[in-house]
Amino acid sequence: MSNERLSQPASGLASAWHSLTSSPLAAIILIMGGLALAPLFVSTYYASDVLAKAMILAILAVGLDLAWGYGGILSLGHSAFFGLGAYAMSIMLLRWDSVLAGVTGMAAAIALPAALAAVVGWFVFFGATSTLYVAIVTLALPVLLSAVALRVPGLTGGQTGLSGIPAFPWEGPLTTYYALLAILCAATALIYAVVRSDYGRLLVAIRDNEQRAQFLGYRTPHVRLGVFALSGGLAGFAGAIYAPYNGFVSHDVLGLQLSTAAIAWVAIGGRGTVAGPLIGAIAINVLEPVLNEAFPGLSRLLLGLVFIVVVLAVPGGLFGVLSTRRPDRRPLEVVSRPDADERKRQMEVAVRKLGLSFGSLTVFKDINLAFRTGHLHCMIGPNGAGKSTLVNVITGLLRPSEGEVVIDGVPAPHHSPASIARLGIVRTFQASNVFETLRIGDNLFLAARTGATPSLVGYSPKIELSGRAAEVLQLSGLGAKLQARAGDLGHGERKWLELCMVLASDPAIIFLDEPTAGLTTADRAKVAPLLVALVHRHGLGLLLIEHDLDFVKSIADRLTVLANGSVLADGAVEEVIRNPEVTQVYLGHRAGSQGVSL
Ligand code: ADP
Ligand code: MG
C-alpha cells in the first residue's frame with residue numbers, strides 16, 4: 001500500500017514525461033516554442049542565418065515525411081520540387097519586384113512542382129507499383145532538372161544562377177525570423193492536420209498494405225498520386241520561401257545533395273511522425289556549421305556517420321523510437337449504418353471457360369462455375385490445385401489467359417480489384433491481410449467506407465456497420481478491442497478481423513480463402529453456423545475455400561472439387577462426395593491421414 005503511494009508521484013511524472021516526449025503534437029509545440037524563444041539566447045545574426053535557414057529546410061523535411069513516412073513513397077528527388085519552386089519565385093520577383101509578383105511566384109512555385117509530382121506519380125503509381133521503381137524515377141528528377149537549368153541560362157542564369165532576388169517585403173532580420181517561424185508553424189499544422197485526418201488513416205493503410213486497401217475498393221494509385229503531388233507542392237513552397245530569404249539561387253537547389261540530405265533529416269528524426277523530421281532538419285542544420293568550424297572539411301563525413309549509426313541502431317529514427325508504439329487514443333465507436341441495413345442484392349459471378357497460364361505452366365483451364373447470392377458454395381481440392389489463383393483472377397488481381405469473368409450476365413474483362421470490390425464482391429486472403437499499424441477500429445472504419453475517399457480534414461470516430469457486420473464483430477470478441485493495434489493480434493484474431501472488414505464493406509458476394517485455417521477448434525465451431533446465417537438469414541453469397549471436407553459437408557449448398565487445375569466435380573454435396581473420381585483424388589491426396597471419411 002505504502003509502496004504504491006510512494007511510487008505514484010514518480011509514475012505520474014514518468015507518464016507525463018513519456019507523453020511529452022512521445023506525443024508528436026507536444027514535441028511540435030516544444031520545438032516551435034524553443035524556436036520562438038531562441039532569439040533571446042543567440043545572436044540575431046545566428047537566428048536569421050542558421051536557424052532561419054534550418055526552418056525553411058524543415059518545411060521540405062516535413063513535406064517529404066508526408067510522402068515517405070505516411071504515403072510510403074521514397075522520393076529521392078524532392079530537391080527537384082524545392083528547386084523548381086525556388087526558380088519560379090526568383091524569376092517572377094526578378095522580372096517584377098512587387099507583392100503581386102510574389103503572390104504569382106508563390107502560386108507557380110506550388111503548382112509547377114505539384115504538377116510535376118503528379119505526372120511522375122501518374123507513370124509510377126499507375127504502372128509499376130514497386131517502391132524501388134519510385135525511388136529510381138525520382139532519383140532522375142534532380143539530375144534532369146539541373147541539366148535543364150544549365151541549358152536555359154536566359155531564364156535561370158545558367159551556371160552563375162540568379163542573384164539579387166528581392167528580399168521579403170518586411171524590414172529587419174528578427175521580423176523575417178518570426179515570419180519564417182509562423183510559416184513553418186502553418187506548414188506543419190497543415191501536414192499534421194492531414195495525417196491526423198481520415199485521409200491520413202487511409203495513407204497509413206495503403207503504406208501498410210496496398211493490396212488489402214485495393215480489395216476494399218480504394219483506388220490506391222489516385223491516393224498515392226494525390227499525396228505525392230501535395231508533398232511536391234510543399235517542397236516547392238519551401239523553395240519559394242528560400243529564394244527571397246537567400247537572395248541567390250543556383251542549380252544547387254535542384255541537386256541531389258539537397259535531396260539526400262532531406263532523406264537523412266527525415267530518417268534520423270523518425271519518419272512518419274511529423275515531429276521527427278522537424279527535429280532532424282533543425283538539429284542537423286544547426287549542428288552542421290558547428291561541426292564545420294570544429295572539424296573543417298569533415299562535417300559531411302561526420303554527419304554521414306551519424307546517419308549510418310542512427311539508421312542501423314534505431315531504424316525508426318530518434319523521435320520514432322519514442323513515439324512509434326504510442327497508441328492512438330482517439331475515440332472509436334460502432335454505429336449502425338444509416339442507409340438501408342443489409343442491402344439484399346441479387347448477384348451472380350460466373351466464370352466461363354476460364355484459364356490461366358504463366359508461360360508454359362497452366363494453373364487451371366476451362367473452368368465454368370457460378371457463384372450466387374443466397375448460396376453457400378464450398379470449394380475443396382489439394383494444395384496447388386489453383387483455388388487461390390482462381391479467386392485472384394475473379395477479383396481482378398490477375399488477368400485470365402482464356403475465358404472470362406461475367407458479373408450479372410455482363411463480361412467484366414478489365415475490372416481492377418478496387419472496382420470489383422465496389423461492385424460488392426470482396427475477399428479474404430489465405431494468409432491474413434490487415435492494416436497492421438492501424439487499430440482494429442481504423443481497419444473497420446476504412447473497410448466500412450467501401451473505397452469512398454475519406455475526408456482530408458477532421459477525424460471521424462464513427463464506424464458505420466450493417467447489422468450483420470456488427471453481430472460478427474461482437475461474436476469475434478473484437479468489438480471490445482477497437483483500440484488495439486491490428487499488428488498486435490494473434491493469427492486467429494487477424495482472421496476474424498479480416499472477416500469483419502469484408503462484412504463491414506457491405507458486400508453481396510464474399511470469397512473466403514481458407515478462413516478457418518489455423519483457428520482453434522472452439523473458433524471453428526463458431527464459424528460454421530455463422531457462415532450459414534450470413535447466407536441464409538442475410539442473403540449473402542459465399543465461396544468458401546476449405547481443406548476440411550467434414551467441415552464443408554455439413555454447411556455447403558454446393559460443392560466444387562478442383563484438382564490439377566480442372567473442375568473434377570461440381571454440384572450438390574451428396575452427389576459430389578459419392579463421385580468415385582473425387583473419392584480417389586481426395587483420399588489419394590490424404591492417403592495415410594486419419595479422420596477423413598467420404
Ligand atoms: P491452392 O490455393 O489450390 O492451394 P494456388 O492457387 O495457390 O493453389 O496455386 C496453384 C498453382 O499456381 C501453384 O502451382 C502455384 O505455384 C501457381 N501460381 C500461382 N500464382 C502464380 C504466379 N503468380 N506465378 C507462377 N505460378 C503461380
Ligand atoms: Mg490456396
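A residue counts as near a molecule if one of its heavy atoms lies within 4 Å of it. The legends below describe a predicted model.

**Figure 1. The shell around ligand 1.** By that cut-off, the residues around ligand 1 are Phe358, Leu361, Val363, Pro382, Asn383, Gly384, Ala385, Gly386, Lys387, Ser388 and Thr389. Five of them are nonpolar, five are polar and one is charged. Two elements each supply at least two residues: strand 5 (361-372) and helix 16 (387-394). Helix 16 gives the largest share, three residues.

**Figure 2. Polar atoms facing the oxygens of ligand 1.** A polar side-chain atom of Thr389 lies 2.4 Å from an oxygen atom of ligand 1. For Ser388, a side-chain N or O atom is 2.9 Å from an oxygen atom of the ligand. Gly384 takes part through its backbone, with an N or O atom 2.8 Å from an oxygen atom of ligand 1. On its own, ligand 1 has 560 Å² of accessible area, and the protein covers 61% of it.

Figure 3. Is helix 18 mostly covered or mostly exposed? It is mostly covered: nine of its nine residues are buried. They are Ile440, Gly441, Asp442, Asn443, Leu444, Phe445, Leu446, Ala447 and Ala448. These residues pack against helix 9, strand 10 (462-465), helix 19 (467-476) and helix 20. Thr450 follows helix 18 and has a positive phi, near 45°.

**Figure 4. Arg201 in helix 9.** Arg201 lies in helix 9 (residues 198-208). Its relative accessibility is 3%, so Arg201 counts as buried; the cut-off is under 20%. The Arg201 side chain makes a polar contact with the side chain of Asp442, at 2.7 Å. Asp442 is one of the buried residues of helix 18. Which residues does Arg201 touch, not counting those up to four places away in sequence? They are Val195, Leu332, Leu438, Arg439, Asp442, Phe445, Leu446, Tyr459 and Ser460.

**Figure 5. Ala504 in helix 20.** Ala504 is placed in helix 20 (residues 491-504). Its relative accessible area is 0%, so Ala504 is buried. Leaving out residues up to four places away in sequence, Ala504 touches Arg337, Leu444, Ala447, Ala448, Leu465 and Ala469. Leu444, Ala447 and Ala448 are among the buried residues of helix 18. Leu465 is 39 residues from Ala504 along the chain, yet their C-alpha atoms are separated by 5.6 Å.

**Figure 6. Two loop residues with positive phi.** Most residues other than glycine have a negative phi. Val274 has a phi near 60°, a positive value. Val274 lies in the loop between helix 12 (256-269) and helix 13 (275-294). At 1% relative accessibility, Val274 counts as buried. Asn564 has a phi near 50°, also positive. This residue lies in the loop between strand 13 (558-563) and strand 14 (566-571). Is Asn564 buried or exposed? At 73% relative accessibility, Asn564 counts as exposed.

Figure 7. Pro413 is placed in the loop between strand 8 (410-411) and helix 17 (417-422). With a relative accessible area of 52%, Pro413 is exposed, since the cut-off is over 50%. Thr273 is 140 residues from Pro413 in sequence, and 41 Å from it in space, C-alpha to C-alpha. The protein has 24 helices and 14 strands. Its C-alpha trace spans about 90 × 75 × 45 Å along the principal axes. Of its 598 residues, 53% count as buried. Among contacts between residues at least 6 apart in sequence, 77% join residues at least 24 apart. The accessible surface comes to about 25,500 Å², with 63% belonging to carbon and sulfur atoms.

Key:
Residues numbered from 1 in each chain as written. Chains lettered and ligands numbered in written order. Predicted model: local features only at pLDDT ≥ 70, side-chain atom pairs only at ≥ 80, totals over all residues. Heavy atoms only, no water. Helix = DSSP H or I, 4+ residues; strand = E, 2+ residues; numbered from the N terminus. Buried < 20%, exposed > 50% of the residue type's maximum accessible area, 1.4 Å probe, protein only. Contact = heavy atoms within 4.5 Å. Polar contact = N/O pair within 3.5 Å; in protein donor to acceptor, adjacent residues only side chain to side chain. Areas by Shrake-Rupley, 256 points an atom, 1.4 Å probe, with all protein chains shown as cover. Nonpolar A, V, L, I, M, F, W, Y, C, P; charged D, E, K, R; others polar.
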